[in-house]
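Please find below some comments on the model, arranged as numbered points.

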Amino acid sequence: MTATLSRTIRVHSPIAVSEPAAPVELAPRGNVQEGARLLLIDNGKPRARDLLRMLADQMQILLPIGSVEVVSKPSAASPLADDEAAEIAARADLAITGLGDCGACSACSLHDALLLERSGVPSTVLITDVFVAHVNRFAVNLGAPGYHHLVVPHPAATKPDDELRRLARSVAPAARDQLAL
């Protein structure tokens with residue numbers, strides 16, 4: 001007797017859908033309270049965790065962040081599950097997802113940010129420059145046209161630490177504005 005394995009593959013495509021998605025209501029922004037909890041969603045791409053941590057270091061200079069938690073996803077090519085996003089959101093006041101440096105991981109990191117927004121957590125997504133148009137199209141499909149993002153030059157994975165630190169410093173003011181204003 002031969003056993004047959006069955007697997008489901010989810011494909012995330014930024015192609016325009018025939019019916020517009022329901023609009024995403026973004027989490028309210030405003031003054032960040034002392035001791036705020038910053039959540040980083042590391043999608044596992046090379047150097048993503050490093051760049052996100054460096055960005056968190058900069059955010060702690062700009063905002064009254066009390067703690068930083070890193071959640072590492074098992075796959076860059078899948079968004080968080082709805083229940084997982086809700087559970088994670090309960091532990092966060094602000095969130096940054098990434099690193100979007102390919103098509104699927106950019107779309108999934110955007111999706112993660114929007115799931116957290118729906119749960120009331122001001123969020124943003126960190127992507128590389130060649131995927132800006134891709135993320136903009138996918139944001140429309142997900143019901144968040146014009147959704148903000150942080151952009152660094154592609155590729156980030158091959159950059160040394162000093163360059164990643166420079167990139168983190170360069171996008172930190174935009175991250176502050178996207179999360180708090």
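1. Helix α1 (residues 48-62) lies across β1, β2, β3, β4 (123-128) and β5, running at about 165° to β1. Helices (H or I, at least four residues) and strands (E, at least two) are DSSP runs numbered from the N terminus, and angles run from 0 to 180 degrees between N-to-C directions of axes fitted to C-alpha atoms, for helices over the stretch in contact.

2. The model is predicted, so that local features need pLDDT of at least 70 and side-chain atom pairs count only at pLDDT 80 or more, while totals for chains, interfaces and linings use all residues. Residues are numbered from 1 along each chain as its sequence is written, and side-chain values use heavy atoms, with hydrogens and water left out.

3. The five strands form an open sheet in the order β2-β1-β3-β4-β5 with parallel pairing, where two strands pair if DSSP finds at least two bridges between them. Because β2 (65-72) and β5 (150-152) each have a single partner strand, one side of each of these edge strands is left without a neighbour in the sheet.

4. Strand β1 (residues 36-42) runs parallel to β3 and is joined to it by five bridges; Leu39 has Ala95 as its bridge partner in β3.

5. Asp101, in the loop between β3 (94-100) and α3 (103-118), is buried, with a relative accessible area of 10% (buried means under 20%, with a 1.4 Å probe and protein chains only). Leaving aside neighbours within four places in sequence, Asp101 is in contact (heavy atoms within 4.5 Å) with Lys45, Ser106, Thr128, Phe131, His154 and Ala157.

How values were computed. Buried means under 20% relative accessible area, exposed over 50%, partly exposed in between (1.4 Å probe, protein chains only).
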